[in-house]
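Hi,

Here is the structure I promised to pass on.

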Amino acid sequence: MSAPRNPATNSGSAPGAATAPAQLFERPEGGERALLVQPEDGRTDPAEALSEFEALAASAGAEVVGRLYGRRRAPDPRTFVGPGKVAEIRAALADAGGDLVLVNHALSPAQERNLERELECRVLDRTGLILDIFAQRARSHEGKLQVELAQLRHIASRLVRGWSHLERQKGGIGLRGPGETQLEMDRRLLGGRIKQLEKRLGRVRRQREQGRQARRRRELPAISLVGYTNAGKSTLFNRVAEAGVYVADQLFATLDTTLRRLDLPGGEAAVLADTVGFIRDLPPQLVAAFRSTLEEVVEAELLLHVIDASDPGRDDNAAEVDAVLAELGADEVPQLRVYNKVDLTGGDPHVERDDSGRPVAVWLSAASGAGIEALITAISERLSAAQARGVVELGPGEGRLRARFYQLGEVLEETITDTGGVRLAVVLPRRELERLYRHEGLSAQLEPMAEPALPEAVNAH
Ligand SMILES: Nc1nc2c(ncn2[C@@H]2O[C@H](COP(=O)(O)OP(=O)(O)OP(=O)(O)O)[C@@H](O)[C@H]2O)c(=O)[nH]1
């Protein structure tokens with residue numbers, strides 16, 4: 001594939017050019033001058049990988065002053081790149097006046113240190129760079145704690161006695177964010193801080209879990225926006241929910257789940273959640289850090305998978321998002337694909353349906369608003385198909401099934417039957433109901449029930 005997967009901008013500038021995010025991004029005073037090193041492994045297209053990496057560097061506020069490719073059969077255990085390449089990097093740094101080297105690969109702590117020593121400048125690998133971006137973007141209390149924890153763990157793995165002259169350079173890329181003041185601490189202190197953060201995070205998560213259960217009790221179906229970073233999730237979220245979340249032409253503008261109530265035609269309502277942007281090769285420790293944020297996704301009734309229709313690499317990016325969803329166990333959650341930015345492709349907003357007439361994809365422009373009404377109708381159609389509601393009768397020996405209904409959905413009413421069983425009025429995701437039929441021995445049919453109770457209001461958090 002020759003086209004870049006993740007152009008940094010969608011406003012028509014050259015794919016992969018770092019100019020747009022760099023212009024829009026408020027770069028900290030004296031933004032660092034970075035030299036990018038792109039290893040060639042013969043598998044990925046190096047030009048494409050480099051342009052995506054350049055967009056990441058720009059997102060972190062770096063000014064890219066040079067680019068180098070490195071080809072090697074096997075990575076050098078000491079410095080990752082070979083000695084010849086080290087000399088080349090040193091010369092390029094001197095030429096361009098660079099003060100930071102960014103390597104688009106994972107480096108071992110020792111490789112990072114050895115390179116720093118030989119190049120006499122700071123070196124960050126892909127994980128370090130992404131952590132820095134996350135540190136800048138985290139907004140909620142939980143998000144900040146998660147990033148700090150991931151940053152500290154990353155630093156702890158690199159911290160050795162006498163951390164070299166680089167300790168002095170504070171506040172630069174990879175050194176800022178909540179973790180920056182920890183750099184001088186020794187491992188013991190760092191370990192203490194990590195424990196403290198884990199405890200605090202545990203508390204925040206428990207609170208959030210309670211909030212989630214409260215929401216479930218209010219029986220509003222949950223819809224989660226997912227998509228590759230920069231696909232337009234926040235813009236769509238704003239457009240659909242008329243909410244004022246932060247939108248920026250930067251990768252990862254969204255780090256924390258944001259929730260809004262969504263009113264649908266016919267008086268129904270749902271909770272719409274904006275989630276973190278997905279990215280290729282997200283470092284595993286970050287997937288872990290954001291797992292709890294992404295748990296919302298697994299529990300959603302419907303996923304809106306936002307895809308940048310104007311991105312030539314859109315299919316690969318969408319496949320990447322699907323792979324992460326599968327990893328999270330969310331591959332069974334029904335999906336409605338939203339092809340965004342049709343204003344850039346010259347296409348018309350429209351809805352695609354499958355053979356049974358079910359909407360499966362909506363093409364629209366979140367920026368102009370064209371196609372939004374059709375999306376809301378499609379959501380409404382998909383949700384009413386995704387929710388099962390009705391009355392079910394269970395026998396006296398089916399206490400376990402009764403408990404499962406309470407667990408999986410909402411029991412609106414319970415009455416005792418003449419035979420000593422129960423009659424439950426329930427609302428639950430259709431896929432859960434199907435699972436009960438298939439795997440848990442439920443045999444009674446769900447009978448239609450009278451008018452649904454009106455959902456209560458939900459406050460945005
Ligand atoms: N032309 C055009 N640009 C759009 C459209 N929707 C979003 N954008 C732009 O695309 C960029 C990214 O949009 P966001 O909504 O921040 O994207 P996101 O998916 O939330 O990004 P992350 O937070 O990185 O995951 C912004 O510059 C938006 O203005 C659209 O329909 N048309």
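First, the ground rules. This is a predicted model, so please keep the thresholds in mind: local features need pLDDT of at least 70, side-chain atom pairs count only at pLDDT 80 or more, and totals for chains, interfaces and linings use all residues. Residues are numbered from 1 along each chain as its sequence is written.

**Overall**

The protein has 15 helices and 14 strands; these are DSSP runs numbered from the N terminus, with helices being H or I of at least four residues and strands being E of at least two. Of the 461 residues in the protein, 41% are buried. Buried here means 20 or more other C-beta atoms within 10 Å of the residue's own, exposed means 12 or fewer, and partly exposed is in between, with C-beta atoms placed from the backbone. Among contacts in the protein with a separation of 6 or more, 70% are between residues 24 or more positions apart. A contact is a pair of residues whose C-beta atoms, placed from the backbone, lie within 7 Å.

**The parallel sheet with β3**

Four strands make an open sheet in the order β2-β1-β3-β4, and the pairing is parallel. Strands count as paired if DSSP finds at least two bridges between them. At the edges are β2 (63-71) and β4, each pairing on one side only. From one strand to the next the twist averages 25 degrees. For angles, axes are lines fitted to C-alpha atoms (for helices over the stretch in contact), and values run from 0 to 180 degrees between N-to-C directions.

Helix α4 packs on this sheet and touches β3 and β4, its direction making about 150 degrees with that of β4. Helix α3 (residues 83-96) lies across β1, β2 and β3, and runs at about 165 degrees to β2.

Parallel pairing over four bridges links β3 to strand β1 (residues 33-40), with L36 opposite L102. Strand β4 (residues 122-125) also pairs with β3 in the parallel sense over four bridges, and there V101 has V123 as its bridge partner. Together, β3, helix α4 (residues 109-119) and β4 make a right-handed β-α-β unit. Right-handed means that, with the strands pointing away from the viewer, the path from the first strand over the helix to the second runs clockwise.

**Strand β5 and the cores**

Why call strand β5 (residues 222-227) largely enclosed by the rest of the structure? Because six of its six residues are buried. A222, S224 and V226 cover one side, and I223, L225 and G227 the other. β5 runs parallel to strand β7 (residues 269-274), joined by four bridges, and A222 stands opposite V271 there. Five bridges join β5 to β8, also parallel, and in β8 the bridge partner of G227 is V306.

The largest nonpolar core has 42 residues, and I223, V271, L272 and V338 have the most contacts inside it. Strand β8 (residues 302-308) gives this core its largest share, five residues. Apart from it lies another core, of 39 residues, including F53, A57, C121 and L145. A nonpolar core is a set of buried Ala, Val, Leu, Ile, Met, Phe, Trp, Tyr and Cys residues joined through C-beta atoms within 7 Å.

**The antiparallel sheet**

Strands β12-β14-β13, in that order, form an open antiparallel sheet. β12 (387-394) and β13 (410-416) each have a single partner strand, so one side of each is left without a neighbour in the sheet. Here the twist averages 15 degrees from one strand to the next. β13 and strand β14 (residues 422-429) are joined by six bridges, and E414 has L424 as its bridge partner in β14. Helix α15 (residues 430-439) lies across β12 and β14, at about 125 degrees to β14.

**The annotated site**

An unreviewed UniProt entry carries a "binding site" annotation on S234 and T254. UniProt positions are in the numbering used here, feature names are shortened, and annotations may be inferred rather than shown by experiment. S234 sits in helix α8 (residues 233-241). S234 counts as buried because 22 other C-beta atoms lie within 10 Å.

Cheers

Methods
Two residues are in contact if their C-beta atoms, placed from the backbone, lie within 7 Å.
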